[in-house]
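This report is meant to be read alongside the sequence and the coordinates.

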Amino acid sequence: MMRYVRDPALWLTTLVVLVAGVWPLITRSATTREDMFLILMFVTLASSLNIVLGYTGYVNFGHIVFFGLGGYIGFYLIAEKGWHVIPAALAASLGVVLFAAILGGIILRLRGAYFALATIGVNEAVRSFIVNWDAVGGAVGMEMNFSRYQDYGGPMNALWFAYILLLIVTLASVLLSYFVRTSKFGLGLLAIREDEDAALVLGIPAPKAKTIAFALSAIFPAIVGTLFFFKNGNIEPGDAFRLHMSVEGIVMIMLGGYGTVMGPVVGAATYERLRGFLLTSPLFKNLQLAFAGVLLLLIIIFVPSGVVGWLRNRFPKVRRILA
Amino acid sequence: MDVLLASLVDGLLIGFVYGLAAMGLTLIFGVMDVVNLSHGALIALGMFGVYLLFTGLGLNPYLGLLIVLVLGIILGMILYAIAIHPLLDGPHLSTLLSTFAVSMIIIGVGTMLFTSTPRNIDINLGSMVLGPVRLQGTRVVAALVAILVATGLYIFMYRTHVGKSIRAVANNRDAAELVGIPSVRILAFSFGLGTMLAMVSGGLIATLFPFSILSGGTYELKSFVICVLGGLGNPTGALLGGLILGLIEGLIPVFMPVGWTPVIEFTLFVLIILIRPSGILGAR
Amino acid sequence: MSVILEVDHVTKRFGGLVAVNNVSFQLYEGEILGLIGPNGAGKTTLFNCINGVYTPEEGRILFKGQDITGLPPYKVVRMGIARTHQVVRPLNELSVLENVVVGACYGRENLSLEEGRRTAEEVLEFVGLADKRNVLAGKLNVAEKKRLEMARALAARPYLLLLDEVLAGLNPTEVARMLHVVRKIREEGVTILMIEHLMHAVMNLSDRIIVLDYGSKIAEGTPKEVANNPKVIEAYLGDPDLALSLVEERT
Ligand SMILES: Nc1ncnc2c1ncn2[C@@H]1O[C@H](COP(=O)(O)OP(=O)(O)OP(=O)(O)O)[C@@H](O)[C@H]1O
Ligand SMILES: [Mg+2]
């Protein structure tokens, strides 16, 4: 335990998320809050994905399925069953973790490109299934009655409430990532990433470890899904299972630093800010996607270890504070 | 019964085009172990290539295809140099991301130039009646062109020196290098061929359905399904996989709402990867 | 002396190829057993059957009286069998120390991260890699990678150590160093089964030797007996260099 308390990297990580996340609460600005909501959301998605992608080395293009399914379960419980958002989010998380554990047990047998392709298939299969499922609104999705927000003291308060919950979730998700990274379990995951067969021979129960990592990576996206669609007041399959968002998550991880705790945080924040800037700049507005593409290409070719990875390699001294 | 037959034949015809697209994807995977995530964007590029030549220069779409074919090979080789070659020896995540980046660039620029409003190429080749089945001319021609290109590719791969070198590199790059095959040039050219196949099939699809710069995604996913059906890396399998997918797409609407087609396709996709990763044709 | 490992009529096939053919032998506690044979004889495959990478089609493998046939490799390590790979497999992006910590933490003693680190430091000292502890494993040279393989296996604190050609590719100084390490391991009471092509080394180190050819065991005995066995010479005829060095060992 003392080992953690004394670790400056833990404190730095917590502090960064906390300071940035509390900012909108101080300024009381709704626009800052909306901007920050997206950033925190992506920090959570990227951090959790990093457990599978960065630590275990499995390229998951379907991470967003956890977000989408969680969103659907949570939203359904809130909008149709009148649940409070907290128990709804927890139930969503539980359901999705179960789903991930079962799915992981099946598809983590695949390696390399086969795994990556299978995750695309799973995301698309689930999305097209939901599109056809009338009980959850099919292709049009579901809307929430505005009066639902009354339970939280009106829409304005509900949005702030959702934001605070998201901040807590983001913090929890970054901490989870930290504890996994610095644990014996995490070391086992890294070994799997480097060479799974060698890891097996060294004594790592890879099938179990991978499945646990996969399930852990599903906990928080499911909650974030519930919060996001609760805030929006509606949900539809196109928004919930956007393959593109999974890939954006991967881009953020690469940008910040694959396999590090801080990497996804830095990457998500940078990417989101950059996108916000590009979207509002008249010059790049229409070219933002292309611009992001060029950026991604440059990173992969020239700084494959990302910002944090690069710092860690370049200045070994910062390793102590930058996990 | 007639409905079923018509639907099946229709599916089969489109299946050839799907198969052609998937051949591009599977060829690249087979030769260099790269899953090309810019495949869909390249398909869309092919669509717009034919479309622009048609609306801008009044060029017949099938002649336009010829130009797209040449441009495809050149573009593919350029893409290889930029986005594949520097990363070939890295983890496979790098090329997944670099090809995805290429896709973002193509779609980003494409959206700016062409917006995302649907277009279509207005040609009508009438229709022909075969027994109880009425076939649309454009579909028959598209299928024929696809067969032509696939046959051409087949002959190229098995009869020419370059084609044989490609197969040698696909088999074992190091061994190929040892016997003096310039593997870098071969890899670049293979990527060119894969790109060409994507773009040509895109051009063909453009003569059949309305499309936008974003349409490629759907066909990319179909190509994945087909490649897995036929065995990743196996071009002949891809053609067959295309036919199977075409048949499934023709068949499903007869029995259930069209909306279920993707559910069945993707479930099948995941199941096949799990149970027979070498494809339904492949040896175990 | 008690039997620590018993290989009982083990057969492993790859399609039509019988890589290990009905092989039986016993290994006694504390001994060094050499496993030799021409290229492709099935030596590595036999290792893979013992430590659970492959499940043999026929036969059983007993370790300390327990049937371990078909157990996955990570369970076999827990029971106390560790191995090195013929083709080194360092975890490239992890440091040398972390590589060995993995071995310690997931080995027989199932250590915590802190205990694992302590064991790893000791083992690195033991094999002479301590000054490289913070280097990325991928950056080591071949000889160092071989010692890393050895260190990772030792960190598991095995009762039985399977060494697959740990001397191959080393220069004479490095060979001498490695042999020294192997002797020290044996002094600590670890039983060793070693595959080796370097004849003078096996002949010197081993208490007994068994010989595989085309998957079958063709000879077993003391180094001297084996070196004088005509069947063994014949098996090695395809490989004149080895045959010669075998003959040179005859005394
Ligand atoms: N995974 C596998 N699939 C198919 N064949 C295999 C496999 N592993 C080994 N073989 C074959 O089994 C035979 C025995 O191989 P093995 O590696 O066990 O030989 P070895 O005695 O260790 O040889 P060497 O001295 O060269 O290391 C060889 O013919 C080899 O080609
Ligand atoms: Mg061997």
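Predicted model: local features only at pLDDT ≥ 70, side-chain atom pairs only at ≥ 80, totals over all residues.

## Chain B and the chain contacts

The secondary structure of chain B consists of 11 helices and 2 strands, which follow one another along the sequence in the pattern α-α-α-α-β-β-α-α-α-α-α-α-α. Chain B has a radius of gyration of 18 Å, close to the 19 Å that the globule rule gives for 284 residues, so this chain is as compact as a globular protein of that length. Its C-alpha trace spans about 60 × 45 × 35 Å along the principal axes, and 55% of the 284 residues of chain B count as buried. Among the contacts in chain B between residues at least 6 apart in sequence, 76% join residues that are at least 24 apart.

Two pairs of chains are in contact, and of these 2 pairs chains A and B share the most contacts. Chain B and chain C, by contrast, are joined by no contact, and their closest C-alpha atoms lie 11 Å apart.

## Cavities

The count of cavities of 30 Å³ or more comes to 5, and the largest cavity holds about 70 Å³ of space. Its lining is made up of A:Val201 and A:Leu202 together with C:Val77, C:Ala82, C:Arg83, C:His85, C:Gly103, C:Glu149, C:Arg152, C:Ala153 and C:Ala156. The elements that give two or more residues to this lining are helix H9 (196-202) of chain A and, from chain C, strand S6 (81-83) and helix H5 (142-155). Of these, H5(C) gives the most, with 3 residues. By class, the lining of the largest cavity has 6 nonpolar, 2 polar and 3 charged residues.

The second largest cavity contains about 50 Å³ of space and is lined by A:Phe42, A:Leu45, A:Ala46, A:Leu49, A:His63, A:Ile64, A:Met245, A:Ser246, A:Gly249 and A:Met252. Helix H3 (30-55) and helix H12 (243-256) of chain A each supply at least two residues of that lining. The residues around the second largest cavity divide into 7 nonpolar and 3 polar, with no charged residue.

## The second largest pocket

About 1200 Å³ of space lies in the second largest pocket. Of the 42 residues that line this pocket, the closest to its centre are A:Leu243, B:Leu214, B:Gly217, B:Thr218 and B:Leu221. Several helices each supply at least two residues of the lining, including helix H6 (112-131), H12 and helix H14 (288-302) of chain A, as well as helix H2 (39-57), helix H4 (92-114) and helix H9 (216-230) of chain B.

H9(B) gives the most to the lining of the second largest pocket, with 7 residues. In terms of class, the residues of this lining divide into 19 nonpolar, 15 polar and 8 charged.

## The magnesium ion

The magnesium ion (ligand 2) is coordinated by C:Thr44 through OG1 and by C:Gln86 through OE1, at 1.9 to 2.1 Å. These two residues link distant parts of the chain, 42 residues apart: C:Thr44 belongs to helix H1 (residues 43-50) of chain C, whereas C:Gln86 sits in the loop between S6 and helix H3 (96-105) of chain C.

C:Thr44 has a relative accessibility of 25% and therefore counts as partly exposed. C:Gln86, with a relative accessible area of 33%, is partly exposed.

## Individual residues

In chain A, A:Arg28 has a positive phi of about 55° although it is not a glycine. A:Arg28 lies in the loop between helix H2 (8-27) and H3 of chain A, and because its relative accessibility is 55%, A:Arg28 counts as exposed. In chain C, C:Asn22 likewise is not a glycine and has a positive phi, of about 50°. C:Asn22 is placed in strand S2 (residues 17-28) of chain C and, at 43% relative accessibility, counts as partly exposed.

A:Ile212 lies in helix H10 (residues 206-232) of chain A, and its relative accessibility of 38% means that A:Ile212 counts as partly exposed. The C-alpha atoms of A:Ile212 and A:Gly104 are separated by 8.3 Å, although these residues are 108 residues apart along the chain.

Notes:
Residues numbered from 1 in each chain as written. Chains lettered and ligands numbered in written order. Heavy atoms only, no water. 1 Å grid on protein atoms, 1.4 Å probe; cavity = no way out; pocket = protein on both sides within 12 Å on 5 of 7 lines; lining within 4 Å. Points joined across faces, edges and corners; volume = space filled by probe spheres on them. Helix = DSSP H or I, 4+ residues; strand = E, 2+ residues; numbered from the N terminus. Nonpolar A, V, L, I, M, F, W, Y, C, P; charged D, E, K, R; others polar. Donors = N, O, S within 2.8 Å, 3.2 Å for Na, K, Ca; no water. Buried < 20%, exposed > 50% of the residue type's maximum accessible area, 1.4 Å probe, protein only. Rg over C-alpha atoms; globule rule 2.2 N^0.38 Å. Contact = heavy atoms within 4.5 Å.
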